[in-house]
Amino acid sequence: MEKMNDNELLELLKIGDVKGFNEYRKENPKQKIDFEGENFDGINLEWINLKEANLRNCTFLGANMACSNLRNANLENVNFEGAILQNANLWGSYFEGADFEGANLFGLTVHSDGIEMLIDCIGIVVKDGWIP
């Protein structure tokens, strides 16, 4: 697959081609992804690989991100209100100011104070960039 820029990759997601996006990421694992400030509201992103992506100030209102890989991603000020993050991996991600109000976080994997936590709740508070 030919090398794509962030705008071309964004278009794949906007049309719901998660499979194509993930295949591209697999072929280009070192390419940095920068979607800062983008709107993904209501989009089905189930199984998306956004590992190490810059998603600062993005919105995912009501988006389906079940089983997504957000490991080591920048999630600063991201709005996940009402999103489905069931079984998503946020290990090592930074999410100062992120809003998870009403999100489905069942089975969410995160890193907090050096230990892995599985969170089974709806709505959490983020303090100092981590889920306490």
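**View 1. Arg 56 is partly exposed in this predicted model, at 28% relative accessibility.** Partly exposed is the range between buried (under 20% relative accessible area) and exposed (over 50%), computed with a 1.4 Å probe on protein chains only. Residues are numbered from 1 along each chain as its sequence is written, and side-chain values use heavy atoms, without hydrogens or water. In this predicted model, local features need pLDDT of at least 70 and side-chain atom pairs count only at pLDDT 80 or more, while totals for chains, interfaces and linings use all residues.

**View 2. Glu 36 and Arg 56 are joined by a salt bridge.** The N to O distance between the two side chains is 2.9 Å. The pair links distant parts of the chain, 20 residues apart, with both Glu 36 and Arg 56 in the loop between α2 (18-27) and β1 (108-112). A salt bridge here is a side-chain nitrogen of Lys or Arg within 4 Å of a carboxyl oxygen of Asp or Glu. Glu 36 counts as partly exposed because its relative accessibility is 35%. Side chains of opposite charge can pair when their charged atoms come close.

**View 3. Arg 56 also forms a salt bridge with Glu 76.** The closest N and O atoms of Glu 76 and Arg 56 are 3.1 Å apart. Both residues lie in the loop between α2 and β1, so the pair ties together parts that are 20 residues apart in sequence. Through shared partners, salt bridges join Glu 36, Arg 56 and Glu 76 into one network. The count of salt bridges comes to two.

**View 4. The structure holds five aromatic pairs.** One of them is Phe 60 with Phe 80, which is stacked, with 5.2 Å centre to centre and 20 degrees between the planes. This pair links distant parts of the chain, since Phe 60 and Phe 80 are both in the loop between α2 and β1 but 20 residues apart. Phe 60 counts as buried, at 0% relative accessibility. Phe 80 also has a relative accessibility of 0% and counts as buried. Rings of Phe, Tyr and Trp (its six-membered ring) pair if their centres lie within 6.5 Å; planes under 30 degrees apart count as stacked, over 60 as edge-to-face and the rest as tilted.

**View 5. Phe 80 and Phe 100 are both buried.** At 0% relative accessibility, Phe 80 counts as buried. Phe 80 and Phe 100 form a stacked aromatic pair, 5.2 Å centre to centre, with 25 degrees between the planes. Phe 80 and Phe 100 are each in the loop between α2 and β1, so the pair ties together parts 20 residues apart in sequence. Ring pairs link Phe 21, Phe 35, Phe 40, Phe 60, Phe 80 and Phe 100 into a cluster.

**View 6. The charged end of Lys 14 sits over the ring of Phe 40.** The charged end is 5.4 Å from the ring centre. A charge sits over a ring if NZ of Lys or CZ of Arg is within 6 Å of the ring centre and within 35 degrees of the ring normal.

**View 7. The largest nonpolar core has 37 residues.** Those with the most contacts inside this core are Phe 35, Leu 55, Phe 60, Met 65 and Phe 80. The elements giving two or more residues to the core are α1 (6-14), α2 and β1. The element that gives the most is α1, with four residues. Helices (H or I, at least four residues) and strands (E, at least two) are DSSP runs, numbered from the N terminus. A nonpolar core is a set of buried Ala, Val, Leu, Ile, Met, Phe, Trp, Tyr and Cys residues joined through side-chain atoms within 4.5 Å.

**View 8. Ser 68 lies in the loop between α2 and β1.** At 2% relative accessibility, Ser 68 counts as buried. Leaving aside neighbours within four places in sequence, Ser 68 is in contact (heavy atoms within 4.5 Å) with Leu 45, Trp 47, Ile 48, Leu 85, Ala 88 and Asn 89.
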